[in-house]
Amino acid sequence: MKYKNITRLMQIAMAIEPIPNKKGLTTRYKDIVDNLKLEYFIIGSINSGFVIEELMNRKSGEVSYDLLFKSTVQNQLHRGGLRVNAGQLQFLWPILLVIREYPSIKDFNLILDKTEEIMLNTCREDSIWLQATDNFSYSLWEHHLPRVKLIDLECDSVFEAYTVMYEISDANRTYFSKEFLDGYPCIRKLYSNFDQEIPYSEGMSILYDWALDNIDEFPKGGIADILACVTFLAMYIEDYKIR
């Protein structure tokens, strides 16, 4: 698949994520709060997506998480509101790197199996950019400022950085780093339970409700983030059509 098409799939998956009806979140029916409007999610998704083709064209072994930082910052352009799409971008970054390195793999489990290898093969500079991205995202809202952490300059890889993040996270925040460290178990569960034969909005609403009952460790916003990953993988692997 051409890299510009992967960019398009990323933008679509993130932009349409808030459209289905999901209790407690912004949807096409209701903005849950004024600084998390539907339009902010859509604009942010398009902004961030423009960096993806640049990522896919980077050579193997080159620093890549500087582009995660760039993508997260560009998410804020031409819109109001707070931090949106940040979790989706982080979850999708190792997946995109696997696709770049192993374009022949078209099985979602095999793609997710390779993410640990991808993260271990990153470098110290990548780990610094990852932590800087986290800090930037948390700095956008005063109530998230306590989550801003001193950057660990000794982490040799992104995987090690997530290990450190897991160890220093508050008990109610460990789910995020754990998803990377454990090989995306929640994304696997949701992908396996995603009914691709029914219309997108209906399927995602059903999947969201299933996740609320079966994935206790993730908050509502975190579930929404992994639903965007599920949509991207379905479009990439199985040519899933939004209808």
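Buried here means under 20% relative accessible area, exposed means over 50%, and partly exposed is in between, with a 1.4 Å probe and protein chains only. Keep that in mind for the tour.

Before you click on anything: this is a predicted model, where local features need pLDDT of at least 70, side-chain atom pairs count only at pLDDT 80 or more, and totals for chains, interfaces and linings use all residues. Residues are numbered from 1 along each chain as its sequence is written, and side-chain values use heavy atoms, with hydrogens and water left out.

**The whole chain**

Start with a cartoon view. The C-alpha atoms fill a box of roughly 45 × 45 × 35 Å along the principal axes. The radius of gyration is 17 Å, which agrees with the value near 18 Å that a compact globule of 243 residues would have; this radius is taken over C-alpha atoms, and the globule rule is 2.2 Å times the number of residues to the power 0.38. Color by accessibility and 53% of the 243 residues count as buried.

**Salt bridges**

The structure holds 10 salt bridges, each one a side-chain nitrogen of Lys or Arg within 4 Å of a carboxyl oxygen of Asp or Glu.

Select Lys22 and Glu17. Their side chains meet in a salt bridge at 3.2 Å, N to O. Are these two buried or exposed? Both Lys22 and Glu17 are buried.

Next, pick Lys70 and Glu54, a salt bridge at 3.0 Å, N to O. This pair links distant parts of the chain, 16 residues apart: Lys70 is in helix H4 (residues 65-74) and Glu54 in helix H3 (residues 52-56). Lys70 is partly exposed, at 33% relative accessible area, and Glu54 is also partly exposed, at 33%.

Then jump to Lys178 and Asp182, where the closest N and O atoms are 2.8 Å apart. Lys178 is partly exposed at 39%, and Asp182 is partly exposed at 43%.

For a network, select Arg124, Glu154 and Asp156, which salt bridges link together.

**Surface patches**

Switch to a surface view. Patches are made of residues with over 30% relative accessible area and no salt bridge, joining like charges within 9 Å and nonpolar side chains (Val, Leu, Ile, Met, Phe, Trp, Tyr) within 5 Å.

Which residues make up the nonpolar patch with about 260 Å² of accessible area together? Select Ile42, Ile46 and Phe50; the areas come from the Shrake-Rupley method with a 1.4 Å probe, and for residues only the protein chains shown count as cover. Ile42 lies in helix H2 (residues 38-49) and is partly exposed at 32%.

Now for charge: Asp209, Asp213, Asp216 and Glu217 gather in a negative surface patch. Lys and Arg count as positive and Asp and Glu as negative, while His and the chain ends are not counted; the charge is placed at NZ of Lys, CZ of Arg, CG of Asp or CD of Glu. Glu217 sits in the loop between helix H12 (200-214) and helix H13 (220-238), partly exposed at 42%.

**Two positive phi angles**

Last stop: the loop between H4 and helix H5 (86-101), where you'll find His78. His78 has a positive phi of about 60° although it is not a glycine, and it is exposed at 72%. Asn85 lies in the loop between H4 and H5 too, with a positive phi near 70° in a residue other than glycine. Asn85, at 3% relative accessibility, counts as buried.

Methods:
Helix = DSSP H or I, 4+ residues; strand = E, 2+ residues; numbered from the N terminus.
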